[in-house]
Amino acid sequence: MALLRRPLLVLILIVTYQFLQLWIAVGSVIEEGQKQEEFYEELLLKPLPDRKVLTHFHFQSSAPPTSNGRHHHLFPKAISQLVQKFRVKEMELSFTQGRWNYESWGGFDSIPSSNAKPPGVELWAVFDVPQHLIDALWKNLTHTLSGLFCASINFLESSTAYSAPEWSFPPASGNLRYGTLPREAVCTENLTPWLKLLPCRDKAGISMLLDRPSIYRGFYHSQRLHLISTGSGSEGMDPGIILEQTLTVVLQPNSQRASLDRASEKHIQPSWSLSSIFGKQVSGKCVLAETSNVYLLLDRGLVAELKQLHEENEKSAEKVLTSENFRTNPCFELSAKPDRIFIEESSLLSKNSSVLYKFKVEKYSEFEPFDLGLTWKIPVVWLCRQAPLHASRFLMGSGNERGAIAISLKSTQSSESFMGANSDDERCELRVDVFQVVPWYVKVYFHSLQVFVDQQPKAVSDIIEKIHVSPSKDKVSPGVMELVLKLPCSVSSAALTIEFDKGFLHIDEYPPDANQGFDIPSAIVSFPNFHASMVFLENDSLNKSPLLSKFQEKSHVMSYTEVLLVPLTTPDFSMPYNVITITCTVFALYFGSLLNALRRRVAEEERFLKDKAAKKTGRLPLLLSKLSAKLRGRHSEPPHSPPGPASSSFINSKLVLKVILVAGVAACWQHYFL
């Protein structure tokens with residue numbers, strides 16, 4: 001029997017082993033046929049003309065569509081549940097502190113057009129549901145994001161705080177909702193949940209550089225979350241999601257060239273490194289990331305200035321953009337050797353090209369950390385490329401009754417640089433889209449709209465090609481104005497003015513700091529005919545870089561104006577406090593005197609008066625009376641002046657008069673003042 005059982009056991013083991021091998025092989029084939037979740041981390045560094053450094057962190061997570069339910073390895077589960085529950089097709093949320101300086105930091109490339117956001121919180125979302133369900137989903141979405149990011153985003157649930165743009169907002173559609181909170185404070189409580197969405201958080205990879213004190217002492221920082229649902233959830237398929245997380249910070253590096261004198265330091269760019277601006281180094285990539293790269297971008301204006309310096313120092317400038325020559329040029333020096341150098345394709349609008357240095361973080365480790373440094377050798381002055389028109393906004397008028405909002409557009413560059421030879425043609429037009437949201441308590445008169453071109457008044461119909469106005473409703477919805485302007489290409493300045501009246505709020509509707517004023521959200525000015533994109537040569541590996549692929553997308557050039565602070569008529573908030581305190585004081589005196597009169601005992605008061613009179617007679621008469629009483633053999637009694645019934649009646653009448661007086665004062669105050 002043992003001999004028979006042993007071959008049978010061996011046969012069972014062989015069959016089981018072959019079945020396991022077949023199951024593992026089938027599983028591997030299925031996994032190879034399906035797309036897996038991916039994560040990319042990248043960092044872009046860019047020197048700015050005003051002695052600052054732009055740092056742009058870019059993280060991208062993607063989850064493919066699936067029919068077997070959602071089980072995530074890298075993608076954050078909270079975002080996936082949010083998309084599925086609220087049927088979000090596209091959404092963007094940003095937390096910003098500071099304002100992007102379009103004049104010094106540029107406004108025509110991809111970073112300011114996509115990542116320069118207004119102060120506070122901005123949220124917009126596109127829903128894949130019928131129109132009658134959008135508002136309910138928007139309110140639930142704001143509450144969910146408020147709890148997820150520890151912010152006051154739930155204030156956007158009110159119909160007075162959000163709007164529905166028709167066509168002026170870039171991702172405009174009928175299912176879009178847009179809202180802002182200009183006064184929302186940004187702190188580490190918002191950054192920590194944002195970091196928890198990353199697979200490695202801030203423990204490994206490029207995210208290790210996110211030092212809180214370094215970030216929040218910068219001149220500008222904006223954390224942004226943008227997600228796109230890549231497919232519909234039809235036929236039992238869960239939609240695929242692409243989550244893009246960016247953090248844009250503008251920092252002021254400390255100069256490391258102590259040997260230079262102060263006069264020369266004012267003109268030379270400060271040298272910097274990752275450890276000097278963040279206080280940390282990168283000790284390798286995140287093990288869950290597909291790629292981990294750091295880029296150093298020199299924009300067109302800087303490259304043109306370096307070319308000019310090369311031409312002054314050398315006879316030939318053809319080899320300026322070659323890798324070896326450009327890294328060892330006499331203008332600056334890099335502390336690490338780049339793995340690759342990309343040169344931007346020259347466009348029709350500009351003869352110069354940007355240069356991009358690529359550094360692979362995966363080559364470095366904890367024993368050899370990555371610390372990129374840039375050391376300037378000679379002073380370099382350049383300008384960043386700006387949008388066709390610089391937009392600004394301000395208030396006009398005085399007083400607490402009425403005023404006006406003015407939007408000013410000023411030309412930043414010559415029209416030839418944008419329009420070429422057609423700029424002198426009278427038919428050449430520059431299209432400008434303006435999107436403005438005004439709170440309901442700022443009652444705008446849209447018929448008072450005036451247009452000025454080159455400081456000359458123009459007819460509204462001659463400049464405004466298209467307009468959409470949604471008047472505000474008291475305590476229901478804000479006012480929305482969307483404009484399409486057609487300006488001549490040779491315009492040097494343009495202005496829009498519109499008048500408004502200041503409304504009155506109920507005392508419960510005022511915020512705690514009402515005397516500071518009320519905020520009007522930033523207006524959005526976009527240029528649909530101009531696209532911010534950078535296409536680099538030798539781009540065979542750009543498909544694996546989401547950041548460089550994002551640079552190649554043609555996005556509309558757009559900018560945000562300032563947030564306006566409108567003072568409204570505010571009541572005297574100290575008046576209720578004064579009334580309450582005076583009323584409480586009167587009632588305290590009334591009830592205190594009444595209780596004192598009701599609970600006072602006459603016998604105890606007479607005894608108190610006797611003792612008081614005995615003390616006033618002095619000690620010598622008291623001793624003489626005691627001595628005489630002892631000689632006579634009698635009990636001594638202290639001399640006193642009996643108060644008699646007259647004194648007690650006088651005391652009682654005095655208390656009664658006091659109570660009556662206090663009661664009369666309280667009754668008069670209640671009748672005439674309350």
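Ala494 sits in strand E22, residues 493–502; strands (E, at least two residues) and helices (H or I, at least four) are DSSP runs numbered from the N terminus. The model is predicted, so local features need pLDDT of at least 70 and side-chain atom pairs count only at pLDDT 80 or more, while totals for chains, interfaces and linings use all residues. Residues are numbered from 1 along each chain as its sequence is written, and side-chain values use heavy atoms, with hydrogens and water left out.

Ala494 counts as buried, at 9% relative accessibility. Buried means under 20% relative accessible area and exposed over 50%, with partly exposed in between (1.4 Å probe, protein chains only). Leaving aside neighbours within four places in sequence, Ala494 is in contact with Ile407, Ser408, Leu409, Phe452, Val453 and Leu487, where contact means heavy atoms within 4.5 Å. The C-alpha atoms of Ala494 and Asp454 are separated by 5.8 Å, although the two residues are 40 apart along the chain.

A cavity is a set of points on a 1 Å grid over the protein atoms alone where a 1.4 Å probe fits but cannot get out; a pocket is an open set with protein on both sides within 12 Å along at least five of seven lines, and lining residues have an atom within 4 Å of a point. A volume here is the space filled by probe spheres set on the points, which are joined across faces, edges and corners. Of the 13 residues lining the largest cavity, Ile405, Gln436, Val438, Met481 and Ile498 lie nearest its centre. The lining has ten nonpolar, three polar and no charged residues; Ala, Val, Leu, Ile, Met, Phe, Trp, Tyr, Cys and Pro count as nonpolar, Asp, Glu, Lys and Arg as charged, and the others, Gly among them, as polar.

The largest pocket has a volume of about 920 Å³. Among its 31 lining residues, Ala161, Leu181, Tyr441, Phe518 and Asp519 are the closest to the centre. Strands E5 (162–163), E6 (176–181), E17 (429–438) and E23 (518–520) each give two or more residues to this lining, and E6 provides the largest share, four residues. By class, the pocket lining has 17 nonpolar, eight polar and six charged residues.

Helix H2 (residues 77–86) has the buried residues Ile79, Ser80, Leu82, Val83 and Phe86. They lie on the same side of H2 because they cover an arc of only 160° around the axis, taken from the directions from the helix axis to the C-beta atoms. These buried residues pack against strands E3 (88–97), E4 (120–127), E7 (220–229) and E8 (241–251) and helix H5 (134–149). The face turned away from the buried side carries the exposed residues Lys77 and Lys85. Arg87 follows H2 and has a positive phi, near 55°.

Elsewhere, ring pairs link Phe39, Phe57, Phe59, Trp194 and Phe278 into a cluster. Rings of Phe, Tyr and Trp (its six-membered ring) pair if their centres lie within 6.5 Å; planes under 30 degrees apart count as stacked, over 60 as edge-to-face and the rest as tilted.
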